[in-house]
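Hi,

Here is the structure I said I would pass on. Have a look at it, and then read my notes below.

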Amino acid sequence: MDATTRPARDNWGSKLAFILAAAGSAVGLGNIWGFPTIAAANGGAAFLFVYLLAVALIGAPVMLAELVIGRRTARNPVGAFKALAPRSAWFVVGGMGVLAGIMILSFYSVIAGWTMAYVVKSASGEFVAGADTAAIFSGVAGNAGTSIGWHLAFMVLTVLVVIGGVKDGIERWTKVMMPALVVILLVLVARAVTLSGAGPGLEFYLRPDFSRLDGGVVLAAIGQAFFSLSLGMGAMITYGSYVSRKDDLETSAGWVVAFDTSIAFLAGLIIFPTLFHAGLEAGEGGPGMVFVVLTSLLSTIPPEPWGGTVFGVLFFLLLLVAALTSSISLLEVATAWLVDEKGVSRKKASIGIATIAFLVGVPSALANGAVPWLSSLPGIGMDFLSFLFAVFGQYALVLGALLISIFVGWVWGVENAAEEVRSNDGKFSFERTWSFLIRFLCPIAIVSLLVFLLWQQLGS
Ligand code: PHE
C-alpha cells in the first residue's frame, strides 16, 4: 500500500497536538498511583533504573511500531492489519485491541468516577481531621447507586470529548488538559517535598535496594510499562493514524515516552512525602492507598485552615484530568473502528460504544463492597474490577504487544516500517537499534513475561 492509497482522514493540527494527545493517553491512573507503589515495593531507585531500561528497550520500540502501523494505513487497528496483511488472520490482533479498549474503559471509568466524587468531597471540606475516610470510601465505592452514578457521569464526559472528533474534540481538550495537568502536578510536588517528613518519604520511595531485584521485578517493570504507555491494544495505532506525513514519528515517540515516564516519577514525589508527613507507612497500593490513606492526611496539609482543601481538590483534579485524557483514547479505538469499517457516524459510534462500556462496567462499579460476590469472586479470590484489570489491562496488552512486535519485525517487515518512519525527512536515526529490539529483544522479553504471569497465577 503506498501513499496514494492512504485514505484521506482528519489529521492532528500539529506535531505538538499529537504529542499532547498521545501523552494524554499514556499519562493516567497507571502513572499516578500505579508506578509509585510498584516502585516503592520493588526496590525504589533500583526499580526506577530497571523501569527506565524496560521503557527504553521494550516500551519505546513497540510505541514506534504502533505509530508506524497507524500512520502508514490511516486506519483503525482492524483496518490497519487488513491493509498491511490482506487475506490473513492478522486483523484479529486489531479486533483484540478494540475489545480490550472497551473492557479497560469499562472499569477505568468506574475508578475515574470515584475521583470525580472526591473532587466534590474535598471541595466541600469533608476530609477534616479525624474524618473516617474508610467509611467515606465505602459510602462512594461500596454504594451501588453512588458508584454507578459517578461511573455514568465520567462516561458521559468521555463521550462528549470523543463526539467532537479528532481536531475539535480530542485535540482541543487535550491541549487544555495536559498543560493544566503539568501545572497541578508541579504545584503538588512543590507542596509535598516541602512538608515535614518529606525526607523519609523520599528515602522510602527512592532508596536503591538492589537486593530486591530479580526476574519478577524486571517483568513487573515491563508489564507496567505497557499499561502506562497505552501499548498493546491499538490506542497508538489509532492516534498514529491521524498523524500527518509531514511530522516526524521517531522524535514524537521519544517525547511521548519521556513525558509519560517523567510524570510517573513525579507522582511518587507527591505521594510518599505526603504519606510520611503524617508518619504513615505506605502499606498497600491501589485505590485503598489513594482514596483512604491519602485522604486521611489531606486535612493535615499546611497552611491551616485551607491547605487541606486546596491541595486535596488539586490532587483529585489531577487524577481526574489524567484519567479523562486516557479514557478518550480508549473510547476512540472502538469508535474509529466502527466509523472506518462499518460506516457508522462518529456520534452514533461513540455513544454506542460508551453505552456498552458503561453496562459492562456496572459489575465493576459494584465490586468494591456493594455486591459481596462481585467484591470477591468465588474461586478466583479477586474482585471483579481487579479481575478485568488482570485479564485486559495485563494479559491482553502483553499478548497484543507481542503480536505487534512479531508482525512489524517479521511479517510486514522492518524495511517497510523504516520506510514509513523516513517518509517525512528521509531520516531514521535509531533504525538499526530499533530493528534489532523489535525483532529480537521485544518478543523474547514479552514471552518471558507471559510465562511468568501464568506461572505466578497458577502458583497462587
Ligand atoms: N496509559 C493509561 C494509564 O496509565 C491506561 C491506558 C491503557 C490507556 C491502554 C489507554 C490504553 O492509566
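**Cavities and ligand**

The second largest cavity has a volume of about 100 Å³. A quick word on the terms: on a 1 Å grid over the protein atoms alone, a cavity is a set of points where a 1.4 Å probe fits but cannot get out, and lining residues have an atom within 4 Å of a point. Grid points are joined across faces, edges and corners, and a volume is the space filled by probe spheres set on the points.

Bear in mind that this is a predicted model, where local features need pLDDT of at least 70, side-chain atom pairs count only at pLDDT 80 or more, and totals for chains, interfaces and linings use all residues. Residues are numbered from 1 along each chain as its sequence is written, and side-chain values use heavy atoms, with hydrogens and water left out.

Back to that second largest cavity: its lining includes Leu188, Arg191, Phe311 and Phe315. Helix α8 (165-193) gives the largest share of this lining, three residues. (Helices are DSSP runs of H or I, at least four residues, numbered from the N terminus.) By class, the lining has nine nonpolar residues, one polar and one charged. Here Ala, Val, Leu, Ile, Met, Phe, Trp, Tyr, Cys and Pro count as nonpolar, Asp, Glu, Lys and Arg as charged, and the others, Gly among them, as polar.

Across the whole structure, the search turns up two cavities of 30 Å³ or more. The largest cavity holds about 160 Å³ of space. It is lined by 18 residues, and Ser25, Phe227, Ser230, Ser326 and Leu330 are the closest to its centre. That lining has 10 nonpolar and eight polar residues, with no charged ones.

So where does the ligand sit? In the largest cavity, as more than half of its atoms lie within 2 Å of the cavity's grid points. There are 14 residues around the ligand, and Ala26, Gly30, Tyr108, Phe227 and Ser230 come nearest; to count as near, a residue needs a heavy atom within 4 Å.

The polar contacts (pairs of N or O atoms within 3.5 Å) include these:

- a polar side-chain atom of Tyr108, 2.5 Å from a ligand oxygen atom
- a backbone N or O atom of Phe227, 2.8 Å from a ligand nitrogen atom
- a polar backbone atom of Ser25, 3.3 Å from a ligand nitrogen atom

Taken alone, the ligand exposes 330 Å², and the protein buries 100% of that (accessible areas by the Shrake-Rupley method with a 1.4 Å probe).

Cheers

Note on methods. A polar contact is a pair of N or O atoms within 3.5 Å; within protein, one must be able to donate a hydrogen and the other to accept it, and residues adjacent in sequence count only if both atoms are side-chain atoms. On a 1 Å grid over the protein atoms alone, a cavity is a set of points where a 1.4 Å probe fits but cannot get out, and a pocket is an open set with protein on both sides within 12 Å along at least five of seven lines; lining residues have an atom within 4 Å of a point. Helices (H or I, at least four residues) and strands (E, at least two) are DSSP runs, numbered from the N terminus.
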